[in-house]
Amino acid sequence: MSEATTERDADRFLRMARAEQQGKLTVYLGAAPGVGKTYRMLQEAARRKTEGEDVVVGVAETHGRGETAALLAPFEILPRRSVEHQGHRLEEFDLDAALARRPSLILVDELAHTNAPGSRHPKRWQDVAELLAEGIDVASTVNIQHIESLNDLVAGFTHIRVRETIPDSFLEDAELIVVDLPPEALIERLRAGKVYLPDTAGRALANFFTPNKLAALRELALRFAAHNVDRRLSSQLELSGERADFVSGERLMVAVSPGRGGARVVRQAKRMADLLHAPWTAVVVESASARGVSGSQREQLADNLALASSLGASLMTVAAQDVGQALVEQARELRASQIVIGKSRRSRWFEWRHGSVAQDVIRHARNIPVHVVPLDEADEKPVRAYDPYSQRDNAIAFLAVAAVVGVLYLLKPWIAPGAIDLLLLFPVVVASMFLRMRAGLWAALWAALGYNFFFIEPLYTLSIHSPADVVTFIVLAMVAGVIGALAGKVRRQAETSAGVARLNASLARFAGLMGALSDRDETARVACREIGNLLDVQAMIVSLEDGAVVVRGNEDFPQLEMVDETAARWALEHGQTAGRDTGTLASADWQFHPLKTALGTMGALGVARSTNERVIRPDDATLLASLVDQTALAHERLVLEAEARQVDGLRERDRLRGALLGSIAHDLRTPLTAVIAATEAIPAEGAYADEVRIARSETRRLQRFLNDLLEASRIEDGSIEPKWESVDLPDIIHAVLRDLRQDRPGSRVVASIDAEPPLVKSDPLLLRHVLINLIDNALKFSPPESRVEVELLARGDALVCRVADRGPGLPADQHGMFDRFHRLEGSDRVGGSGLGLWIAKNFIEAVRGSIAASNREGGGAVFEIALPLTGAARLDQGADA
C-alpha cells in the first residue's frame with residue numbers, strides 16, 4: 001500500500017470518527033409557509049417515539065392550527081426561556097435546558113429564527129449547531145427563501161426580501177426532506193383559512209401566494225434538495241471509500257480525440273447535454289501514443305478542445321497509459337451518467353494489433369452507459385509524426401551496445417560465459433530509460449545479435465549450432481525486449497506525470513498571484529506576464545471602454561491594427577474566440593479569448609506568436625482554458641470589490657444624509673412650533689381670514705413633513721424600538737382626527753368603529769403617526785366635496801383599520817409603492833416627500849402588523865393596516881409553517 005493511500009485512509013477514518021460524534025440534522029424543507037413542514041416533522045417524530053426513541057420538543061409553532069396542536073399532545077415540551085427586552089418578555093428556545101436534558105432527538109422549529117437580544121447565539125441555527133456538536137440529533141424546518149445563496153433570487157421574483165437566512169454550509173451534512181405541495185393545493189389551503197387568517201389570506205393571495213411565484217419557489221426547493229442529496233452522496237462515497245457504480249442526476253463525459261471526427265463527437269455530446277439539461281466535461285487522455293501523433297492531428301485536437309470549451313464544456317486532461325481504463329475511472333470520479341466516445345470503422349486485424357479504445361471503455365464501464373458515435377476511418381487513423389531525434393537515439397543505442405560488447409569481448413577470459421548475456425541487458429535498460437522506447441527495442445535486437453556474433457560458437461557468424469545456444473539467444477532477445485519496453489513505459493509515464501504536476505503547479509501559482517492583486521492594471525500586467533511565460537507567447541488584455549478597444553498588460557502594443565481591433569471587438573461583443581487560427585477573422589495576428597463570468601464579459605485575453613506556427617500549441621489548449629478562466633475570475637473579483645466599496649460609500653452617504661436631514665428637522669422644529677402657535681393665536685376673521693387659514697394649514701403640513709424627516713432618520717438608524725402597551729385604537733383615531741381638525745361637525749372624515757373593539761399590544765405613538773399620514777394623504781388626494789372613510793373592525797385574531805378615499809385610485813403597477821422617496825399621484829403621491837407610505841410601512845412592521853393598498857369599487861384607494869391581537873409575526877417574513 002502506498003504512502004498516499006495510507007494517508008487518505010487515515011484521513012477518511014478520522015472524518016468518519018468525527019461524523020459519529022456529531023448529532024444528525026434533519027431539515028424539513030418547504031417552498032412556502034403552509035405546506036405542512038411542522039406537521040410532517042411531528043408525524044415523523046411521533047413514529048420514532050413509538051419505536052422507543054427519547055424525543056422531546058424544544059420549539060414547535062402551531063400558528064393556531066388545531067391539527068398541528070393535536071400532534072404536540074403526546075410529546076414532552078421543554079419550557080421556553082423568558083428574555084426581558086425593553087420592557088417586554090420574549091419567549092425563546094432554552095438551549096441550556098436542552099443540553100441538560102440530552103434527548104435522543106429534539107425538535108427545534110423555524111431554523112431561520114432570530115433570537116432575542118441577550119441570547120447566547122444571535123440565530124437559532126447556531127443553537128442547533130451546538131446541539132449537534134454535543135451529539136444530539138435535531139429535526140427542524142425551513143422555507144427555501146431562507147437559504148442564503150437563494151435569497152437574492154427569491155427576492156427578485158417575489159419582491160420580498162427575507163432578512164433571516166441560513167448559510168448553505170450549515171445544511172451540507174443535513175438530511176433534507178422536501179415537504180411538497182402543489183401550488184393549487186396550497187392556495188386552496190390558504191382560502192380555507194388553514195394557513196392565515198381570512199383577511200391576511202386575502203393579502204397573501206394577492207402578493208406572495210400567486211401560482212407563478214409558488215411554482216418558482218417549488219422548483220427552487222426541489223432543485224436545492226436534489227443538489228444537496230447529490231453532494232451528500234458524493235461525500236459519503238468518498239468517506240466510505242466505495243467505488244460509485246451508480247449515479248444520481250445526469251452528467252455527461254465526452255472523450256476528445258484528434259481528427260475531424262472528434263469535433264463530431266463533441267457536437268453530439270453537446271446536443272445530448274442540452275436535451276438532458278446536464279453539465280458535461282470534455283476529457284483528453286495524455287498517453288504516449290497520443291503524444292506521438294502528427295502535428296496536424298495535434299492541432300486538430302486543440303481545435304476540438306476549443307470547440308468543446310466554446311460550447312460550454314469543462315475541460316480536463318488526464319495522464320495515463322491505458323486510455324480506456326483512464327476514461328472509465330475519470331467518468332466514475334465525475335460520477336458521469338453517460339460516456340460519449342467516437343469509434344472509427346477498423347478491420348479486425350488493425351484492432352487486434354492496436355486495440356480499440358471504445359471497446360476498452362465498454363468493457364470497463366459496466367453500469368455506465370456508453371454512447372458510441374461512428375466515425376470515418378480517415379478521420380481517426382493515427383498518423384505518426386516524424387521524429388528528427390529518433391535516428392540520433394538509435395545511433396546512441398547502437399554505440400552503447402557496441403561499447404558494452406567490446407568491453408565484454410576484451411574481458412571474455414575473466415568473465416563466466418553465463419554472465420555475458422546478463423551484462424548485455426545493461427545497455428538495453430540504459431537506452432530505454434534515457435532515450436525513446438524504440439531505441440531501447442533496437443538496443444535489445446543489437447544486443448542479441450552481438451551476443452550471437454561474438455560469444456556463441458561458431459564465432460563471427462550469425463549461425464547457431466547448439467540447441468542450448470539457440471535457447472539462450474531467444475531468451476536473451478525476449479528478456480531484452482521486455483525490459484526495454486517496460487523501462488520505456490516507466491519513462492513515458494514519469495514524463496507524463498511530471499508534465500501534469502508542472503501544469504498543476506503553474507495553475508496554482510497563477511491563481512495565487514491573481515488572488516493577491518487589487519488593481520485592474522496590475523492584474524492585467526501580471527496575467528499577461530505569467531501567461532506569456534507559461535505558453536511562450538505574447539499576451540494582452542483588451543476591454544471596451546466608451547466604445548473603444550483599450551489594451552492593458554502589454555505596453556509594447558498600446559494600439560492594435562485594424563483587423564486585430566476588429567477581432568478583439570468581435571470577441572468582446574459576441575463572447576466567442578476570434579482572430580488567428582479561428583474561424584472568425586483568421587487573418588489577424590492576435591487570437592482573442594473572451595473572459596466570461598457570471599457578471600458578463602470582463603474583457604478578452606489576446607495571445608500572439610512571432611513565428612508562423614500555431615498560436616496555441618495543441619498540448620497547451622487545456623492550460624490556456626484554465627488560465628483564461630482564472631483571469632476572468634480575477635477581473636470579476638475586482639468588479640465585485642469595486643461594487644462593494646461603492647455600496648459602502650452609498651450607505652455612508654445615506655447615513656450622513658439621514659443624519660443631516662434629522663438634524664435640520666430637529667433644528668427647525670422649535671421655530672416652527674412658535675410659528676404654529678402664532679398662527680393659531682391670530683383670529684381667522686376679517687380681510688385676512690383666508691390667509692390665516694392657509695398659514696395654519698401649511699404650517700401644520702410643514703410640521704408633519706419635518707416629523708417625517710425625523711422618523712425617517714430613526715428608521716435608517718435602526719433606532720425604532722416600539723414601546724409596547726395596551727392600546728385602545730378608537731382613542732388613537734379620535735386623537736388623529738383632532739390633530740387634523742376633522743373632529744368637528746361637517747368634517748370630511750367619517751369614522752365607523754365597531755362597538756367595543758378589543759385592545760391591541762402596540763406602540764400608540766407609532767400608530768398615531770401612521771394614521772396621520774394615511775388620513776392626511778387621503779384628504780389631500782380626494783376631491784374637496786368627497787368624504788374619507790375610516791373604518792375599524794375586528795377580523796378573527798386581528799384588528800383592521802381601513803382608510804378609504806374617492807380619488808382616482810392607485811396605478812395598475814403598485815410595485816415599489818411603499819419604497820422610500822417613491823411618489824405616486826397625490827399628496828405623498830404629488831408634491832409630497834415620498835416618505836409617508838415608507839414610514840407607515842416601517843412603523844406597522846415594527847409593531848408586527850401589516851399594511852396593504854388596493855383600489856376600491858366605484859373609484860378611490862383603500863389603505864388597510866392589520867394589527868394582530870396575539871402579537872404574531874407578520875406575513876411572509878415570520879414563522880415557517
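**Close-up views of a predicted model**

View A. The model holds 2 aromatic pairs by the rule used. In one of them, the ring centres of Trp 125 and Phe 170 lie 5.3 Å apart with the planes at 55°, so this pair is tilted. Distant parts of the chain are linked here: Trp 125 belongs to helix α5 (residues 124-133), while Phe 170 sits in the loop between α6 (151-158) and β8 (175-178), 45 residues apart. Phe 170 is buried too, at 14% relative accessibility.

**View B. Phe 557 and Trp 590 meet edge-to-face.** Their ring centres are 5.0 Å apart and the planes stand at 80°, so the pair is edge-to-face. Phe 557 comes from the loop between β15 (548-552) and α23 (562-574), and Trp 590 from the loop between β16 (578-579) and β17 (591-597), so the pair ties together parts 33 residues apart in sequence. Trp 590 is buried at 4% relative accessible area, whereas Phe 557, at 23%, is partly exposed.

View C. Val 407, Tyr 409, Leu 410, Leu 411, Trp 414 and Tyr 460 make up a patch of about 680 Å². Take Tyr 409 as your guide: this residue lies in helix α17 (residues 390-410) and is partly exposed, with 32% relative accessibility.

**View D. Leu 766 in helix α27.** Leu 766 is found in helix α27 (residues 764-781) and is buried, at 5% relative accessible area. Val 847 is 81 residues away in sequence, yet the C-alpha to C-alpha distance to Leu 766 is 8.3 Å.

Definitions and conventions. Residues numbered from 1 in each chain as written. Predicted model: local features only at pLDDT ≥ 70, side-chain atom pairs only at ≥ 80, totals over all residues. Heavy atoms only, no water. Helix = DSSP H or I, 4+ residues; strand = E, 2+ residues; numbered from the N terminus. Buried < 20%, exposed > 50% of the residue type's maximum accessible area, 1.4 Å probe, protein only. Patch = residues over 30% accessible without salt bridge, like charges linked within 9 Å, V, L, I, M, F, W, Y side chains within 5 Å. Areas by Shrake-Rupley, 256 points an atom, 1.4 Å probe, with all protein chains shown as cover. Salt bridge = Lys/Arg side-chain N within 4 Å of Asp/Glu carboxyl O. Phe/Tyr/Trp six-rings, centres within 6.5 Å; stacked < 30°, edge-to-face > 60°.
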